[in-house]
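Dear colleague,

Here is the structure I promised to hand over. My notes follow below it.

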Amino acid sequence: MKKQAKNSGALLVLLGAFCFSGSGTIQALAPESATPFVLGAIRLLFGGFFLLLWCVINRLLTIPKNWAWKNVLFSSLALCGFQITFFLGVKEAGVAVGTIIAIGMTPITAAIFGYLFYKEKPQKSWYISTFVAICGLVLLNVHGVHKPSFLGVCLPILAGTIYAFYLSQSRALVKENRPELVMTILFLISSVFMLPIFLTYSVDWVFTKNGILVALGLGIITTGTAYSLVMAGLRTCETAMAATLSLGEPLGAALLGIFLLNEPMNFFSSVGIILLFASVLILVYFPNKK
């Protein structure tokens, strides 16, 4: 029964990662004046209001149980920090290198945070799955790899570390509370922290027909739904495992690019997709031995 619950949690995290994967496709449809900072802030704001409406309709707005405000503050700051460092890292290093470093770094640092905060020791299959997944991630993006600058390496590493820290801190919040309620509060607090971005950069594009569709897509699909699924999975899924399953995001993004945007698929990207699929199967179905 415990193994079944863990597998269910892993599948929820994977579904959340697939929802994240739509970010690139939706952002490609955004107006040219949409800056990465505003897109990141819009994701949090629209995601927060979407989940707030969801909680009101389903009568989920309650006083959180055993609410640790330290975890709330750290999780909210980490959400903001990830948006900024990831988009800056991608801008500095390029999409391929920035993605490889940031997402590839997340499972490693998540395992460290999981041990520090929860004394979790990853199961043996995690090491194999993470290695296979990172290899697949590299092959999937090898065509766009170039030599990055010093900042092009440091910023994605920082982004991956911050996201892993977010996973470790937010996990404690969903033990006794609905994931939708948790993410509503975290998104709205994070949006307050991101207010200076709305005052610094132009947001006129949001009020166009195309802009509002992009904002709704980012907020509802790739943020509100995605993070809630990950939070629901974290109830039974270990931090390190959740971070490795987050590598389903580039897998989903690659499939969307191939089938919706008609992007070419070469030998390396094909092998990369197969390896990412294999890593998920190893992690979910391999015996849970420590």
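Which residues form a nonpolar patch on the surface? Leu73, Phe74, Leu77, Val192, Phe193 and Leu195 do, with about 510 Å² of accessible area together. Patch members have over 30% relative accessible area and no salt bridge, and nonpolar side chains (Val, Leu, Ile, Met, Phe, Trp, Tyr) are joined within 5 Å. Areas are Shrake-Rupley values with a 1.4 Å probe, and only the protein chains shown count as cover for residues. α4 (69–93) and α8 are the elements that give two or more residues to the patch. α4 gives the most, with three. Leu73 sits in α4.

A word on the source. This is a predicted model, numbered from 1 along each chain as its sequence is written. Local features need pLDDT of at least 70, side-chain atom pairs pLDDT 80 or more, while totals for chains, interfaces and linings use all residues; side-chain values use heavy atoms, without hydrogens and water.

Next, the helix packing. Helices are DSSP runs (H or I, at least four residues), numbered from the N terminus. α3 (residues 36–57) and α8 (residues 179–193) pack at about 145°, axes 8 Å apart. Axes are fitted to C-alpha atoms over the stretch in contact, and angles run from 0 to 180 degrees between N-to-C directions. By class, their contact (heavy atoms within 4.5 Å) has 11 nonpolar, five polar and one charged residues.

Last, salt bridges (Lys or Arg side-chain nitrogen within 4 Å of an Asp or Glu carboxyl oxygen). The structure holds two. Arg171 pairs with Glu120, closest N and O atoms 1.8 Å apart. The two residues are 51 residues apart in the chain.

Best wishes

Note on methods. Nonpolar A, V, L, I, M, F, W, Y, C, P; charged D, E, K, R; others polar. Patch = residues over 30% accessible without salt bridge, like charges linked within 9 Å, V, L, I, M, F, W, Y side chains within 5 Å.
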